[in-house]
Amino acid sequence: MRVAFGSDHAGFSLKEILKDDLERRGHVVSDVGTTSADVPVDYPDYGAAVGRAVVAGEAELGVCTCGSGIGIAMAANKIPGIRAAVVHDVTTATLAREHNHANVVCLGSRVVGSAVAIDAMAAFLNATEEPGRHDVRIAKLADLDRELVHDHEGTP
């Protein structure tokens, strides 16, 4: 599987741990940055870059990390077509994929330990989108994306 990774400086170390784990498992990893924990950067730049990579088909799924997972998820979710979820464990990661059809998982390096993060990421990547009862809700999320794009085009 092709997976895009991004983090700010606070999430850099966790991103590196998660990337290494996926590469060892044979996945193709694309890293959109940042490249250091030592230089402060802005999480919106990296959340959006992961979102764009997923929407463009450069990656099937995305993984984002920052201090809490929250800010980078907000940024990724600004990209139409992205459903980024902040997760804290295997259960929330699995449900994000199965019920919400999330395509980007976000983890907080100050909130989740690396062992739990590895397990949560693996659960997210291994889970599959459940069809059926969730389809109407997912369609409504897609409608919101189209509404946003439509509003940005300047037409009614």
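**Entry 1: salt bridges**

I searched the whole structure for salt bridges and found nine. I counted a salt bridge where a side-chain nitrogen of Lys or Arg is within 4 Å of a carboxyl oxygen of Asp or Glu. Side chains of opposite charge can pair when their charged atoms come close. This is a predicted model, so local features need pLDDT of at least 70, side-chain atom pairs count only at pLDDT 80 or more, and totals for chains, interfaces and linings use all residues. Residues are numbered from 1 along each chain as its sequence is written, and side-chain values use heavy atoms, with hydrogens and water left out.

I looked up Arg25 and Asp21. Their side chains meet in a salt bridge, 2.8 Å from N to O. Are the two partners buried or exposed? I used these cut-offs: buried is under 20% relative accessible area, exposed is over 50%, and partly exposed is in between (1.4 Å probe, protein chains only). Arg25 is partly exposed at 49%. Asp21 is buried at 8%.

Next I took Arg97 and Glu129. This salt bridge spans 3.3 Å, N to O. Arg97 lies in helix H4 (residues 90-98), and Glu129 lies in the loop between helix H5 (114-126) and helix H6 (135-152), so the pair ties together parts 32 residues apart in sequence. Helices and strands here are DSSP runs numbered from the N terminus (helices: H or I, at least four residues; strands: E, at least two). Arg97 counts as buried, with 10% relative accessibility. Glu129 counts as partly exposed, with 38%.

Then I checked Asp143 and Arg146. Their closest N and O atoms are 2.4 Å apart in a salt bridge. Both residues lie in helix H6, three residues apart, which is about one turn of the helix. Asp143 is partly exposed, at 40% relative accessible area.

**Entry 2: Lys15**

I found a network of salt bridges that links Lys15, Glu16, Lys19 and Asp31. I placed Lys15 in helix H1 (residues 12-24). Lys15 counts as buried, at 0% relative accessibility. What does Lys15 touch, leaving aside its neighbours within four places in sequence? I listed Phe5, Gly6, Ser7, Asp31, Gly33, Thr34 and Thr65. Contact means heavy atoms within 4.5 Å.

Two of those contacts, Gly33 and Thr34, are joined by a cis peptide bond, with omega at about 5°. I located Thr34 in the loop between strand E2 (28-31) and helix H2 (43-55).

**Entry 3: strand E3**

I turned to strand E3 (residues 61-66). Six of its six residues are buried, so E3 is largely enclosed by the rest of the structure. In a regular strand the side chains alternate between the two faces of the sheet. Which residues of E3 point one way, and which the other? Leu61, Val63 and Thr65 point one way, and Gly62, Cys64 and Cys66 the other way.

I then looked at the strands that pair with E3. Strands pair if DSSP finds at least two bridges between them. Strand E1 (residues 2-7) pairs with E3 in the parallel sense over five bridges. Phe5 has Val63 as its bridge partner in E3. Strand E5 (residues 104-108) also runs parallel to E3, joined by five bridges. There, Thr65 stands opposite Leu107.

**Entry 4: two local spots**

I noted His101, which has a positive phi of about 55° although it is not a glycine. His101 is found in the loop between H4 and E5. It counts as buried, with 7% relative accessibility.

On the surface I found a nonpolar patch of Ile70, Met74 and Val86, with about 260 Å² of accessible area together. Patches take residues with over 30% relative accessible area and no salt bridge, joining like charges within 9 Å and nonpolar side chains (Val, Leu, Ile, Met, Phe, Trp, Tyr) within 5 Å. Accessible areas come from the Shrake-Rupley method with a 1.4 Å probe, and for residues only the protein chains shown count as cover. Ile70 belongs to helix H3 (residues 70-76). Ile70 counts as partly exposed, at 44% relative accessibility.

**Entry 5: the whole protein**

I counted six helices and five strands. Along the sequence I read β-α-β-α-β-α-β-α-β-α-α. The radius of gyration is 15 Å, close to the 15 Å from the globule rule for 156 residues, so the protein is as compact as a globular protein of that length. The radius is taken over C-alpha atoms, and the rule is 2.2 Å times the number of residues to the power 0.38. Of the 156 residues, 46% count as buried.
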